[in-house]
Amino acid sequence: MGCLWFQWGKKSKTAGPPDFQTGVGTYKTDVKVDTSNFDDVEINYGGDPPKYEDVPNLQSSKEHVTQVLQDSHKRGYLEEVASRHQIIVVDDNFRLSKALKKTIQLTVDLLHLCHVKLGANSTTTFMSYRNSEDDSLMKDEDREIMLYLQDLFGTSSRDHARKVIDAFCTYPYDSRVAKVAARFKELETTAEINVDVAHDEFLSFVRGEKAVFHKGWKSSGIIGPKFHRLYDEACENASKQEASLNSLRFSLERTLDAIEYQRKQNIFRPTNILFVCGSKLQKSEITKLREILNKTTDGITADMKSEISIQVLACWHETPSSIEGHRQLDNHKKGNADIYDCTSISSQILFGGPGNLFFAKAHNSHLKEWDDKKYGPDDIVNFTRAREIGQRKEKGNFVLPTVADIEFG
């Protein structure tokens with residue numbers, strides 16, 4: 001992330017969350033939804049959505065999303081969206097189930113609608129897939145190094161990696177090339193680890209080296225079908241390196257390192273970092289991220305906390321146990337150091353759509369009054385609507401409004 005100078009202590013204009021005792025939040029504890037057809041749900045922009053005329057007051061998906069977004073805007077929940085940088089980081093793990101991938105896609109679609117409608121400076125990036133559209137503008141030597149690192153990351157074995165390194169040794173001396181060769185030699189001559197583990201360690205090193213070339217897309221330029229195409233491309237690209245189980249831990253670590261650098265330099269910019277993910281964190285990864293969180297948040301003041309936040313929209317299907325690692329990281333720090341927030345996104349959003357506080361919760365975790373609140377099932381994902389549609393034989397597709405369909409009074 002880049003850095004901008006700013007003044008601490010700007011008072012938030014965003015309205016606080018509703019008083020749940022007034023009935024604004026709907027609580028359902030017995031919601032059961034048939035999830036067998038989730039894989040068949042298609043997500044579309046514009047057009048005519050399925051109608052449910054036989055069910056009183058059951059809106060189409062297009063009407064429902066429009067109303068939730070308009071209501072959030074009317075209530076003042078989105079006051080800071082356009083005044084903060086919005087960075088969406090998308091999990092492109094090819095191993096996720098079809099239902100989880102669709103849940104991730106719809107969640108990002110909703111964020112795109114909100115950001116583009118409000119004119120936010122929003123960037124969308126994938127965890128392991130970079131925007132190469134402007135590669136022709138790169139310096140020749142940088143482009144060569146970037147392609148070299150990509151080739152190395154695609155290697156299938158230590159011998160394959162050595163072959164790529166040897167073929168590149170004729171390239172004019174560059175400190176980055178020398179660094180890669182030195183790390184490979186170090187791992188190759190380490191007796192304590194076997195060949196396969198050494199190659200995995202080398203791939204992890206290469207991923208870190210090529211991160212400097214990683215960049216995303218302006219969200220306004222990929223909203224709709226283009227994002228869906230890019231998401232499919234990202235998952236396909238990730239499948240080329242099976243030794244990399246997923247990029248979630250690496251992406252979170254990079255983000256925390258960037259925040260730590262800004263804290264030490266006392267240079268922040270108001271930023272919401274929205275991770276939309278379905279991958280599970282392993283115990284060793286949670287331990288490592290806790291250590292990094294401790295280091296990153298050491299000395300953060302209240303004003304600093306208000307400028308930066310990590311919001312993990314943790315998607316799950318069938319059981320929420322897969323997001324337990326994110327919950328642990330969410331609960332790890334308190335007070336000013338609490339910059340990591342986890343929000344549970346069930347795949348039932350594919351039927352029910354967003355809850356009445358989906359947009360507010362996603363964008364206001366840097367505010368204590370929103371971060372500390374407990375949310376009912378219908379507040380983030382509309383489980384009641386999902387149940388109504390899930391009971392029907394014909395579920396239909398999820399049709400989203402276009403930006404032009406949404407009007408703010």
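## Aromatic pairs

Rings of Phe, Tyr and Trp (its six-membered ring) pair if their centres lie within 6.5 Å; planes under 30 degrees apart count as stacked, over 60 as edge-to-face and the rest as tilted. Ring pairs link F126, Y129, W217, F227 and Y231 into a cluster.

This is a predicted model: local features need pLDDT of at least 70, side-chain atom pairs count only at pLDDT 80 or more, and totals for chains, interfaces and linings use all residues. Residues are numbered from 1 along each chain as its sequence is written, and side-chain values use heavy atoms, with hydrogens and water left out.

The structure holds 10 aromatic pairs. F126 and F227 are stacked, because their ring centres are 6.1 Å apart and their planes sit at 5 degrees. F126 lies in strand β3 (residues 122-126) and F227 in helix α8 (residues 225-238), so the pair ties together parts 101 residues apart in sequence. Helices (H or I, at least four residues) and strands (E, at least two) are DSSP runs, numbered from the N terminus. Both F126 and F227 are buried. Buried means under 20% relative accessible area, exposed over 50%, partly exposed in between (1.4 Å probe, protein chains only).

## Around D91

D91 sits in the loop between β2 (85-90) and α2. Its side chain reaches the backbone nitrogen of N93 at 3.0 Å. A polar contact of 2.7 Å joins the side chains of D91 and S279. Such a contact is a pair of N or O atoms within 3.5 Å; within protein, one must be able to donate a hydrogen and the other to accept it, and residues adjacent in sequence count only if both atoms are side-chain atoms.
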